[in-house]
Amino acid sequence: FVLMMLAGCIPAGAQKVSLSTNVLGYAALGTINADVSYAFSRHWSIVAGARYNPFTFRPDDSDRQFQCRQQSYSFGVRAWPWHIWSGWWFSSKIRYQEYNFGGILSRRTQEGDRVGLGFYSGYTYMLSRHFNIEFGLGLWGGLDMFRLYSCQICGLTVDEGRKGFLLPDDLMISFVYVF
């Protein structure tokens, strides 16, 4: 009897959690990414995300390489004007990124740490009860603590310091599984 009373106090199995990955993120030289969201009301959810790219690419010429290495972590909140997991949404996140980019357009490489705040918007389309597809984009800015090298291999420092930044972020087409 007590177990039945306790079971009656537990909310029914509404869809509260989602797991997603941005397929366009993989186009950034194989950046692995995932977001986990939890709906705490009909119009609000919290989201935590991670990105990871350990890859360095070396063409046939062994003294050249290019990379888009990073590890990035974010935490934020989403507002859903119509209903959770469906329709338009607006989001804000804090984010930390450790990065090493370079060799793609020139031999220069930049590495460092970024911390900042981002604003995002998008649309989620329900494909079925458990599967959604999301489209979105964002902008983030903050503080960049960087070091710029003249080439990827030589390690000659050209510049270093701290500066503000404002960058486009999260051009997204994500596949979402809602639990």
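This report walks through strand pairing, a nonpolar core and one alanine in a predicted model.

Local features need pLDDT of at least 70 and side-chain atom pairs count only at pLDDT 80 or more, while totals for chains, interfaces and linings use all residues. Residues are numbered from 1 along each chain as its sequence is written, and side-chain values use heavy atoms, leaving out hydrogens and water.

Let's start with the strands (DSSP runs of E, at least two residues, numbered from the N terminus). Two of them pair if DSSP finds at least two bridges between them.

| Pair | Sense | Bridges |
|---|---|---|
| β5 (residues 66–79) and β6 (residues 87–102) | antiparallel | 13 bridges |
| β6 and β7 (residues 109–126) | antiparallel | 16 bridges |

Cys68 stands opposite Phe101 in β6, and Trp88 has Tyr123 in β7 as its bridge partner. The hairpin of β6 and β7 has six residues between the strands, and Gly103 there takes a positive phi near 80 degrees.

Next comes the core, meaning buried Ala, Val, Leu, Ile, Met, Phe, Trp, Tyr and Cys residues joined through side-chain atoms within 4.5 Å. Buried is under 20% relative accessible area, exposed over 50%, and partly exposed in between (1.4 Å probe, protein chains only). The largest nonpolar core has eleven residues, including Trp80, Trp89, Tyr120 and Trp140. Strand β9 (residues 157–178) gives the most to this core, with four residues. Beyond its neighbours within four places in sequence, Tyr120 is in contact (heavy atoms within 4.5 Å) with residues including Trp89, Arg95, Trp140 and Asp169.

Finally, Ala34 is found in strand β2 (residues 32–39). Ala34 counts as partly exposed because its relative accessibility is 34%.
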